[in-house]
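Please walk me through this structure, one feature at a time.

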Amino acid sequence: MTSLHILLLIGGYFALLLLISYFTGKNDSNEDFFKAGKQSPWYLVAFGMVGASLSGVTFISVPGWVDSSQFSYLQVVFGYLVGYLVTAYVLLPIYYKQNVTSIYQFLDDRFGFVSYKVGAVSFFVSRVLGAAFRLFLVAIVLQQFVFDAWNVPYEITVVLSILLIWIYTFKGGIKTIVWTDTLQTLFMLVSVGLSIYFILNNLEWTFSDFLASDELSGFSKTIFTDDLFAKNHLLKSFLGGMFVTICMTGLDQDMMQKNLTCRNLKDAQKNMVSFSVVLVAVTFVFMLLGALLFIYAEKYQIAIPLMDGQPKTDLLFPEIALNSGLGMTVAITFMLGLIAAAYSSADSALTSLTTSFCVDFLNTEKKSEKEAKSIRQRTHIGMSVLLILVVISFKYILDRNVIDGLLTVASYTYGPLLGLFSFGIFTKHQVKDKYVWIVALASLTIIVILGKLPAETLGGYEVGYELLPLNGLLTFIGLWLIRRK
């Protein structure tokens, strides 16, 4: 598959998204941009959220991680499932009862102005970094397999990627996202299914042959309970996954904004539960794909692609799909799946960042419709520029597998949100609001220090994703200390 073929495919794909945007963005009101008029069918939202949750990180980075971590990521995914149930039956009822546009308005009502802003800033930093991780992944793939051949700089690749997102989300916002996410999820799942089918066919295996093979057994260890000090221990992974989901879904404006477009709470809960079960099954399929990729690479002696002179397992899936002779069908479906996976999360991230900044920092709900619309449009441009700058910087500072990096960053940035919401929901205390930012900053500082400590300092204990609940606990304790008597 040549670079020209890939560009034509991307062009056709975005033409389809622009067509959807044209029909869903006719109203161009802030109400539709932020809430889609609260008329989204729950099953449509649920299916679209699968793609948004998986994103390009799961599509490429999870299969690429199997070689070093085996199936240990499933321990985190089991925790995700519990986290989604907590989100559905603890957090969603609160948001629907208060009829919020931004979920951080809950903190304003519960504690006060400073707590509200601390929550909004925590989300803002978290979502900028999370979206940048996802966009970075698709940008390096496009750079490696398309634009390097034309000597196009990486920076231009990033600008073009985000410009395309801005164009089709500029008017319709979340109303457009609900529909484009559905299409993107479909493309992604079809891509993975066809990739597995054609690789198995090339290996002359049936799916049952693959599941029973000795080769798969070398990758498929899932439960790790031997060493509590290890980063991948079951308890640490499960709890980390549960709290990552509560924070990155239930306390995240991006994911909750889609749920809040459902007609009522019952529909939103049906969406969340059905989506969570499907997501666990789909993630398991991605793990199987990862094992299959490494088995295939070893049999046909396909080397791990290099980026800046270093092996990059995140690039193995695109290398096999595009350059190993599996045929045009695999190449086309892979590129469609990659683009869909990357942009299904990035477009909603851009929309939610715009929403949060407008509502939480610029108070557009208190302004006239005309003024609020103008502010929203300018903010949408500003958020696009910010993402461009962060994604470009990642190329020079990121030194780990992207999914691992994403979960680690979540441990730092979502902790204050976890502590604030937990204290607000499970206690009746008020706090000295003006000191909340000090509590959040102190908790974050302690967690960053702990995360940087070498295992030898802690007697061989490897700090993992349990940093997130610990971060939330420290914030909770800090809020208890500044509670009003």
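A cavity here is a set of points, on a 1 Å grid over the protein atoms alone, where a 1.4 Å probe fits but cannot get out; lining residues have an atom within 4 Å of a point. Rolling a probe the size of a water molecule over the atoms shows where empty space is left. Helices are DSSP runs of H or I with at least four residues, numbered from the N terminus.

Before going on, note what kind of model this is. It is predicted: local features need pLDDT of at least 70, side-chain atom pairs count only at pLDDT 80 or more, and totals for chains, interfaces and linings use all residues. Residues are numbered from 1 along each chain as its sequence is written, and side-chain values use heavy atoms, with hydrogens and water left out.

Back to the cavity. The structure holds two cavities of 30 Å³ or more. Which residues line the second largest cavity? They are Leu44, Val45, Gly48, Met49, Val178, Asp181 and Lys258. Helices α3 (42–69) and α8 (174–203) each supply at least two residues of this lining. By class, the lining has four nonpolar, one polar and two charged residues. Ala, Val, Leu, Ile, Met, Phe, Trp, Tyr, Cys and Pro count as nonpolar; Asp, Glu, Lys and Arg count as charged; the others, Gly among them, count as polar.

Now turn to charge pairs. A salt bridge is a side-chain nitrogen of Lys or Arg within 4 Å of a carboxyl oxygen of Asp or Glu. By this rule there are three salt bridges. One joins Asp252 and Arg127, with 2.7 Å from N to O. This pair links distant parts of the chain, 125 residues apart. Asp252 sits in the loop between α11 (234–250) and α12 (253–259), while Arg127 belongs to helix α6 (residues 113–145).

Are these two partners buried or exposed? Buried means under 20% relative accessible area, exposed means over 50%, and partly exposed lies in between (1.4 Å probe, protein chains only). Asp252 has a relative accessible area of 0%, so it is buried. Arg127 counts as buried because its relative accessibility is 3%.

Another salt bridge pairs Lys270 with Asp267, at 3.5 Å from N to O. Both residues lie in helix α13 (residues 265–299). They are three residues apart, about one turn of the helix. Lys270 is partly exposed, at 35%, whereas Asp267 is buried, at 11%.

Asp226 and Lys221 also form a salt bridge, with their closest N and O atoms 3.5 Å apart. Asp226 is exposed, because its relative accessibility is 70%. Lys221 is partly exposed, with a value of 35%.

Ser352 is in helix α15 (residues 328–361). At 0% relative accessibility, Ser352 is buried. Contact means heavy atoms within 4.5 Å. Setting aside residues up to four places away in sequence, Ser352 touches Phe123, Arg127, Gln253, Asp254 and Gln257.

Thr245 is placed in helix α11. Thr245 is buried, at 3%. Beyond its neighbours within four places in sequence, Thr245 contacts Tyr80, Gly83, Tyr84, Thr87 and Gly250.

Next, the cysteines. How many disulfides does the structure hold? The count is zero, where a disulfide is a pair of cysteine sulfur atoms within 2.5 Å. Cys262 is buried, at 0% relative accessibility. Cys358 is buried too, at 0%.

Finish with two loops. Asn99 lies in the loop between α4 (73–98) and α5 (105–110). Asn99 is not a glycine, yet its phi is positive, about 55°. Asn99 is partly exposed, at 48%. Asn151 is in the loop between α6 and α7 (154–169). Its phi is also positive, near 60°, in a residue other than glycine. Asn151 is exposed, with a relative accessible area of 69%.

Conventions: 1 Å grid on protein atoms, 1.4 Å probe; cavity = no way out; pocket = protein on both sides within 12 Å on 5 of 7 lines; lining within 4 Å. Points joined across faces, edges and corners; volume = space filled by probe spheres on them.
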